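Subject: Structure for you to look at

Hello,

Here is the structure I said I would pass on. Please open it first, then read the notes below it.

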Amino acid sequence: MPTSTITFRETGSSIKVTPVDEVSLEARAASLATRSIKTTSKRAALHLAIRCMDLTTLEGADTPEKVASLCQKAKRPDPSNHDVPSVAAVCIYPEMVHHAVEGTEGSNVKVASVAGAFPSGLSTIEARTADIADAVKRGADEIDIVLNRSAFLSGDEQRAFEEIVASKDACGEAHLKVILEVGELGSYDKIRQASMLAMAAGADFIKTSTGKIPQASSLPRVLCMAEAVRDFAQQTNISVGIKAAGGIRTAKQAWHYLVVIGETLGTEWLSPEMFRIGASSLLNDVLLQLNRLDSGSYSGPDYVTVD
Amino acid sequence: MTGKIPIAKTYKLFIDGAFPRSESGRTFSVNNPEGELIANVSQASRKDFREAVRAARAAQLSWASRTAYNRGQILYRVAEMLESRKTEFVELLKSIGANSRSATREVEDSIQRWVWYAGWSDKYSQILGSVNPVSGPYFNFTVPEPTGVVGIIAPTEPSMLGLISRLVPAIVSGNTVVVVSEGESSLASVTIGEVLATSDVPAGVVNILTGDQTDLLPWMVGHLDVNAVDISGISHETDLTLIEEAASNVKRVISRQVNEESLELISDFLEMKTVWHPIGR
């Protein structure tokens, strides 16, 4: 794919999108995944993973009670241990926003709502922006929308771009995360192009996946996005956040992501303001690893909540 | 080209239906009685043990929820596979010092024992369970359920019959196991793993590690996701205070004669559940 350009919404300046070297990208991701974390740093890494976590439930069977218990867990992941920090946010459907607002009241836990015909994004832009505005009105601090892959992949990048611009306007004060659904994009070049497009259109965060298709987040894909964020920051001086989501289930995977982000973007990105991990079952594994550090023996799923 | 290149088998671990080397990269050597090297065997680390427990836990519920009849069929199939590899086992036992007669005898006894336990699969719960008389309008049943994940310190002698005597009574009722074998008996253990991999036993139901039993014992008894440990194969010099850690999650600790064959061995790894059911009118 040749180098192309995208016009940055804020300043009108053009941003270069260079092609991706697939082989060295995967090799670099694989080498970062072999980095060992010493026992002394493990606790800090696990706490950071919790602080950067968007605890997620996006099921058709979600109930207000389930959201309430999710919020409790988000605020105090381990009720028996005060040292364990709370997570960054809870991530739910718009219908559940006011329950989540209620559940997280008095804490630092943010409410993130998916909106805009999640997970396909295939409804009219008017319906999607109305959905976003409604979620914001109900009290969502962050909005996760999906990129219109249909428009993007059929070559109508301009429409995909304008829809993100419209969504950003509908968000108002709320933070906008744009889900690229990398598993549907087909190549690293497309992932890089979509990342640049979303950032140029005003996304505060770019996010890997909806978690609704089997092909989700992977280390090379996140590395590819992180490099796009780095290059975007170089060209515009604007720092955009990254959210990895989908298929992240173990503490080990989580700190591989922390290593990739830290090594590519620097420690500035290792905070909940700039990096998130979206997950539903990851938190329990992180708690088990913390138990292991505290007790010295291996723990098991009987010792954490059933979600 | 004349002559054949000797192709020696690599003895690896058996975890979750696959044969990985130890993550530690360590091996130990097994020699024949004349002191000649037979094989280098993977030496499992505590992390390999952790992975094995994870696999055993993941497999436990679906193994236990199969019908007793189906578990019996699967175990019987293993005996068929053992039967077809009889010569291999005899040669293997001879290579570590058994004479031809005793090796053949041990292999035959092992297969017979496997079938004996397989047959119990759909029968033990009638014998061990009960319908209890109670002073009220209730049906009261006691039914046996599997304990869960069982850690087994495999006996080193007899190497094949010892492991099978400990292994089959644990899995027949729906437990899943992590076996730790040591020394020359590792060869038979790994080969049994190969038989299991080519029969219908689901991945993770039996996991076989080879290495230093004394090294891995504290991790086994301390692991909160292991529900019972069978220390029948433990060596006499082992410091038994290590076992105290089993109390941390009230593990069952079982120690039996290495060569027993009885229904009681199945009940070692069972929990009795009693159900009160109101009688309708």
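B:Pro158 sits in the loop of chain B that runs between strand S5 (149-153) and helix H6 (159-171); helices (H or I, at least four residues) and strands (E, at least two) are DSSP runs, numbered from the N terminus. The peptide bond leading from B:Glu157 into B:Pro158 is cis, and its omega is near -5 degrees. Chain A has a cis bond too, from A:Phe118 to A:Pro119, with omega near 0 degrees. A:Pro119 lies in the loop between strand S5 (110-114) and helix H5 (125-137) of chain A.

Before going further: this is a predicted model, where local features need pLDDT of at least 70, side-chain atom pairs count only at pLDDT 80 or more, and totals for chains, interfaces and linings use all residues. Residues are numbered from 1 along each chain as its sequence is written, chains are lettered from A and ligands numbered from 1 in the order in which they are written, and side-chain values use heavy atoms, with hydrogens and water left out.

Chain A
There are 11 helices and 10 strands in this chain. For 307 residues, a compact globule would have a radius of gyration near 19 Å, and the 19 Å of chain A agrees with that. (The radius is taken over C-alpha atoms, and the globule rule is 2.2 Å times the number of residues to the power 0.38.) Along the principal axes, the C-alpha trace spans about 55 × 45 × 30 Å. Of the 307 residues, 54% count as buried; buried means under 20% relative accessible area, exposed over 50%, and partly exposed in between (1.4 Å probe, protein chains only).

The largest nonpolar core has 93 residues, and A:Ile50 and A:Leu147 are among those with the most contacts inside it. Such a core is a set of buried Ala, Val, Leu, Ile, Met, Phe, Trp, Tyr and Cys residues joined through side-chain atoms within 4.5 Å. Leaving out residues up to four places away in sequence, A:Ile50 touches residues including A:Pro77, A:Val84 and A:Leu290, where contact means heavy atoms within 4.5 Å. A second, separate core of 57 residues includes B:Phe28 and B:Ile171.

A:Asn237 is in the loop between helix H9 (219-236) and strand S9 (241-245) of chain A. Its phi is near 70 degrees, a positive value in a residue other than glycine. A:Asn237 counts as exposed because its relative accessibility is 72%.

Chain B
Chain B has nine helices and 10 strands. Its radius of gyration is 20 Å, close to the 19 Å that the globule rule gives for 281 residues, so chain B is as compact as a globular protein of that length. The C-alpha trace spans about 85 × 40 × 30 Å along its principal axes, and 49% of the 281 residues count as buried.

B:Thr176 belongs to strand S6 (residues 176-181) of chain B. With 0% relative accessibility, B:Thr176 counts as buried. Setting aside neighbours within four places in sequence, its contacts include B:Ala56, B:Trp63 and B:Val205.

B:Gly136 lies in the loop between strand S3 (130-131) and strand S4 (138-146) of chain B, and at 29% relative accessibility it counts as partly exposed. B:Gly136 and B:Ile279 are 143 residues apart along the chain, yet 9.1 Å separates their C-alpha atoms.

Regards
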